[in-house]
Amino acid sequence: MKMACPSCGQWLEIPGRAATCPNCGSLVTIPVAPPLPPPPQLRDQPGTTFERPRRYQPSPQRDDQPIMPPWVRALIIIGCVGLLAFILIEATIYGVKSRFAAKPPPPPALPTPAPTPVSPPQKNTSIFSESAPMPSPTPTVVPAPPTAPPAPPAPQAPATTTASVTTPTAPSFHPTTAPAPKEEIVTDEAINAAIAKGVDYLVSRFEDGKLKGDLGPQYVGADALCVLALLHAGQAISDERLNIHNTFMAGAVDALRSMQIGVGVETYTHSLRAQALAVYNRKEDRSVLDADVRWLLAASVKGGYTYGKPPEGATQPSQSPWDNSNSQYGALGCWAAAEAGLSIPPSYWIDVQSHWESCQGKGGEWQYQQPNGNGALSMTSAGVNMLFVANEQLSALRPETQIARPPFSPNLQAGLDWLAKGDNCVTLSGYPAYTLYGMERAGLACGFKMFGAHDWFRELAAATIKQQAPNGAWGGEIDTAFSLLFLSRGRHPLLMNKLHFVGAWDNRPRDLAKLTKFTSKETERPLNWQVVSLDTDWSQWLDAPILYIASHEAPIFNDDDYAKLRAFIMAGGLLFTQADGDSPQFNQWAEVMAIKLFPTGELKDLPRDHYVYNALFKPQDNIPLRALWNGTRLLIVHSPTDIAKRWQAKDPRSDRAAFELGANLFVYATGMQVPRNRVDTLDIPALPGKPAGTIPIARLKYDGDWDPEPWAWTRTSRWFRRKTSIGLTPTPVDIEKLSVDVAPFAHLTGTAPFNLSETQIAALRKYVRDGGVLLIDPCGGFLPVAQSIRADILARAFPGVGPAELKTDHPLIAGRGEGMDQLARPQVRPFVFMKMGQKFTRPLLLESGKGAVLISDLDLTSGLLGTNTFGILGYDPEYAQLLVKNAILWTVNGRGPVHAWTTPTTEAAGTQPATTAPSTP
């Protein structure tokens, strides 16, 4: 079916229920109800300004700028010539003086660091092998990131009284980007750039669809590895060359399919080619994929592999040489084929499981062959991954639905314990790039974000990026391919975080793994899942949109634990809970937990017409859900029945309803937009030290839901300081007490129509006429709230003065000011196009006296929170943040406040989140 992208208007073919727009990256779905008429092609309409670019570009030079008079040019030229002559004279005098001055001794030469030892290729060995003799470089231990500053305590409501006014001198602000704190060891932008550079290098190493160079028997395997890396990189970054329909990528896969595999390293070669052909599982590749897998199945001797075929008649490990490196890759090829739908005998997975359990060391470690007491990260990560793969394949045949049992087998638990010990999970030795890929496989298979004290992906990604050469390579083609696989696969967005706590936290160990696989396929976007600990700071949970808690018993949480849950929700997260085994004890805990977090709210049945039931799919089964919301978005969703049992034990083809509902939760939380990548978290840590200056922001209080998203301004203050080095101090202020002496900029929002008193209206009128700038928006973008802004506030406070739409040349939109951005093209959420098409207004401005009122009919507050929750009529979060930043800088620099204000020297910690929750979601 063809359908227009609701974000940019691009027409595209949707093979199933959803597809990713190649133009803007938005998720496009076929609605369950008759679709609205698609928005017209925005790019084809001259003069329109409602495109949705992914990045902001500076506004072009206007043709109507006045031409500089000739006499002004002459004065400028004369002044420049005089200044140049003065500089030349001063330089000459300085040179003469310095010639006769005493010269300091030269600094001592710095010692030249010893080059990192590189292992030359060994004769008759494999580039993938660990058995070849080689130098023993000092193991690369990735240091743990510096301890982050302690998390701020639970937000406390600042006093509404203000400090006494000092001198009436207005401060001047000069925005400049603040340096990132040291604890941020890697950013998503850095990962994206590293992948892009690595891709450029690998692409340059191909000619006519094949890898250049001569690697002998290893050539086909090396080519397959590089093709596999490029295919996965194409799912992690935007690069048209890597599209499977592009001439380059399709040609590389076609060439790989036609290559003849010689004698040498056949296990690696058949495995890597099978993995590459299985990525997109094209019809024309299946016969070769099937042949590769048949070879791998025949080459296995009780789950063990060597480089080629085993000796004739070998049926026991003692009759055939084996090593765990070949054994890992042999099983990886079969796993990729199984994921592509090929049939693998259950006996094979029993052999794989037995092999890896039989060669595990007493400490939980694995070695290249038999254990010798010294574990290797490369082989231990391989062992952990293989046990996860075998267990998952076998559990599909005999699903475990029992509760109150250990989530992992003793062997698997021992392997995980080894990874969590000391620096084991981040110590790279031998072949570091080879080890990276194995660690990524193990880390994603088990889902653990942390092993011991280490955030393994962030730390290893930071170390990997530092080792990249200027030409984009890591050593040669092989190490570059392994490094790209690690960064690309580890970078994918997270579907959910499952909370690890004391007790039965993981009755369904593979529930999220199977739900993630289903959602990835349906949305055509690779996703990962993760396990996070209750012991970590709540901000570490914000790298996924949903926090998932499940058990058959009531979790035992203390007050600090509940404070963490509340903080996560208030910072934009969605809490999803479900009762394993339909447990009454857990269901009762969920009800009590909701009231404990939000005393004036409670869980209520979620209506069947809510977006959670139809955001992407409309499940046929009536799966009951209960929920609590804040008037704008869902805060908690609870399943009183055991839906996770169906995720773990069922196949999506036989139980689509359960999987569809799980996918809908994710789509609701991400708003049908491209989800954030793994390290592109909602969390913005506070910067240390003092800001360059401070601007107070008045957050207006009234009798109603004046604070629906308490964390929005806390997050915005941190973001604002990073962009400008200037601090914001958002402070609750009663409307009656508002004045320009308190703050030059004020914000008024709500989720219900306003009903202000005459005293409050008079205070707003005086504030604006005295020089203040007032921002008003409907939180959630609800139409009745937007209507009441004009009827209850503007009409009463400023009778006879109507607001006007901001033109593209207005300084606030055009970005004509220090630190301001060009915002001529509004960027809105996809939900706005779905509900309103292009019939939405730009921000409005009403000027009165010395001040102004900035009005938005669309939500800005949720945008400041950074969330993309479905169902909100609002601006894209990035655009909302930039618009508010422009408004604040325009207020203090462009307009010039009449009065001064007190400038606190510390950053505001945030306000106490509201505890009210409307009864009907």
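In which sense do β16 and strand β17 pair, and over how many bridges? In this predicted model, whose residues are numbered from 1 along each chain as its sequence is written, local features need pLDDT of at least 70, side-chain atom pairs count only at pLDDT 80 or more, and totals for chains, interfaces and linings use all residues. Side-chain values use heavy atoms, with hydrogens and water left out. The pairing of β16 with β17 (residues 634–639) is antiparallel and runs over 4 bridges. Within this pairing, Ala 627 is placed opposite Val 637 of β17. Helices (H or I, at least four residues) and strands (E, at least two) are DSSP runs, numbered from the N terminus, and two strands are said to pair if DSSP finds at least two bridges between them. In general, the strands of a sheet pair through backbone hydrogen bonds, in either a parallel or an antiparallel sense.

The two strands belong to an open sheet of 7 strands with mixed pairing, in the order β12-β11-β13-β14-β17-β16-β15. Its edge strands, β12 and β15, each pair on one side only. Strand β13 runs parallel to β11 (residues 494–500), to which 2 bridges join it, and Lys 498 stands opposite Tyr 548 in β13. With β14 (residues 574–579), strand β13 pairs in the parallel sense over 6 bridges; here Ala 550 faces Gln 578 of β14. From β13 the chain passes through helix α15 (residues 559–570) to β14, in a right-handed β-α-β crossover. A crossover is right-handed if, with the strands pointing away from the viewer, the path from the first strand over the helix to the second runs clockwise.

From its first C-alpha to its last, α14 reaches 18 Å, close to the 18 Å expected at 1.5 Å a residue, where the expected span is 1.5 Å times one less than the number of residues. Just after α14, Glu 524 takes a positive phi of about 55°.

Salt bridges (a side-chain nitrogen of Lys or Arg within 4 Å of a carboxyl oxygen of Asp or Glu) number 38 in the model. In one of these, the closest N and O atoms of Arg 273 and Asp 292 are 2.8 Å apart. Arg 273 lies in helix α5 (residues 266–280) and Asp 292 in helix α6 (residues 286–299), so this pair ties together parts that are 19 residues apart in sequence. Both Arg 273 and Asp 292 are buried. Asp 543 and Lys 449 form a salt bridge at 2.9 Å, N to O. Asp 543 is in the loop between β12 (528–533) and β13 (546–551), and Lys 449 in the loop between α11 (432–446) and β9 (450–451), so parts 94 residues apart in sequence are tied together. Asp 543 and Lys 449 are likewise buried. A salt bridge of 2.8 Å, N to O, joins Asp 605 and Arg 626. Asp 605, in strand β15 (residues 604–605), and Arg 626, in strand β16 (residues 626–629), are 21 residues apart. Asp 605 counts as exposed, at 57% relative accessibility. A network of salt bridges links Asp 254, Arg 257, Arg 282, Glu 284 and Asp 285.

The structure also holds 32 aromatic pairs. Rings of Phe, Tyr and Trp (its six-membered ring) pair if their centres lie within 6.5 Å; planes under 30 degrees apart count as stacked, over 60 as edge-to-face and the rest as tilted. Trp 538 and Trp 711 form an edge-to-face pair, with 5.5 Å centre to centre and 80° between the planes. Trp 538 is buried, with a relative accessible area of 8%, and Trp 711 is buried at 10%.

Terms used: Buried means under 20% relative accessible area, exposed over 50%, partly exposed in between (1.4 Å probe, protein chains only).
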